[in-house]
Amino acid sequence: MNTLKELMEEAEKTQVVMPVGGKAKRMGLQNVNKALIKVAGKTLLEREIELYRNCGFKKFKLLIGHLGEEVIEYAGNGEKWGVEIRYSMDPNVEKVGKGKALKNALINGVIERDKRALITFPDDLKLNRFLPLMLLAQHIYGVEKYGILATSVLITSTTYPYGVAEIDEVGRIKRFVEKPQLNILTHIGMCIIEPEVYQLIDELIDIGRQEAVEYEATVLPELARMGKLYSLTLYASDKDDWIPINTLKELEQAEKYLSQRSKPL
């Protein structure tokens, strides 16, 4: 079989799971679903859907919570983007987190247990338009060669949000750097999982637990312990292939970056 054709067929079979129940509290926006914030004329959700659609992904599962009805009204069934969208409402508990949202979507059947899932968050901007296919190809390679069950996207350099210092033996600061770039492998919120991982989610995540549960803090560490978590490493920084948007300042920076990139040379 033609390898590229096979990859595109695998993209069509893969369900894209997007937790979009997040609030924009850190940005000072109380009554806004973060996925519906606009950057350079498009919502974060639209940019994320288009990124995956342009790589051949067609099935989207949106996990909604905060102002979920607004997400449904905005995105509908996905027809305007040429994709299929289904929704899972977050469980009716006080503190949710992405882990509980994922488990609930498995319980109610929105996430199909016989298909792999690519979990991604529209909170951030991914600037490499081939990234979803790069991840899928790397994951399939890892499954075939090493028997892995999941693949996470890592970036090699990220901005530390605070000032850092070096001191001498008496406490005098010898060097001070504000918001340095740290060369540490950082998960950027994209992960693809095989159907076998759903059983792990069932076992590790308790919807009745009082605290919010994040799958990155429960499922991914267990997969790493089992030797079943693979990686796609991007040799770039959070100013290149990935722009996190957690504050109004970062939103302004993203707006500026995208506006400049859209201008003709």
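Student: What share of the 265 residues in the protein chain is buried?
Tutor: Buried residues make up 48% of them. Keep in mind that this is a predicted model.

Student: How many helices and strands are there?
Tutor: The protein chain has 8 helices and 16 strands.

Student: What box do the C-alpha atoms fill?
Tutor: Roughly 60 × 50 × 40 Å, taken along the principal axes.

Student: What about contacts with a separation of 6 or more: what percentage comes from residues 24 or more positions apart?
Tutor: Such residues account for 73% of those contacts in the protein chain.

Student: Switching to helices. At what angle do α6 and α7 cross?
Tutor: At roughly 120 degrees. Helix α6 covers residues 197-204, helix α7 covers residues 215-226, and their axes come within 10 Å.

Student: Why call them oblique to each other?
Tutor: Angles from 65 to 115 degrees count as roughly perpendicular, and those over 145 as roughly antiparallel. The crossing is at roughly 120 degrees, so α6 and α7 are oblique to each other.

Student: Left-handed or right-handed?
Tutor: The crossing of α6 and α7 is right-handed.

Student: Which residues make the contact?
Tutor: From α6, V197, L200, I201 and L204. From α7, T218, V219, E222, L223 and M226.

Student: How does that contact split by class?
Tutor: The contact of α6 with α7 has 7 nonpolar residues, 1 polar and 1 charged.

Definitions and conventions: Residues are numbered from 1 along each chain as its sequence is written. This is a predicted model: local features need pLDDT of at least 70, side-chain atom pairs count only at pLDDT 80 or more; totals for chains, interfaces and linings use all residues. Side-chain values use heavy atoms; hydrogens and water are left out. Axes are lines fitted to C-alpha atoms, for helices over the stretch in contact, and angles run from 0 to 180 degrees between N-to-C directions. Helices (H or I, at least four residues) and strands (E, at least two) are DSSP runs, numbered from the N terminus. Angles under 35 degrees count as roughly parallel, over 145 as roughly antiparallel, 65 to 115 as roughly perpendicular and the rest as oblique. A crossing is left-handed if the near helix is turned anticlockwise from the far one by less than a right angle, and right-handed if clockwise. Contact means heavy atoms within 4.5 Å. Ala, Val, Leu, Ile, Met, Phe, Trp, Tyr, Cys and Pro count as nonpolar, Asp, Glu, Lys and Arg as charged, and the others, Gly among them, as polar. Buried means under 20% relative accessible area, exposed over 50%, partly exposed in between (1.4 Å probe, protein chains only).
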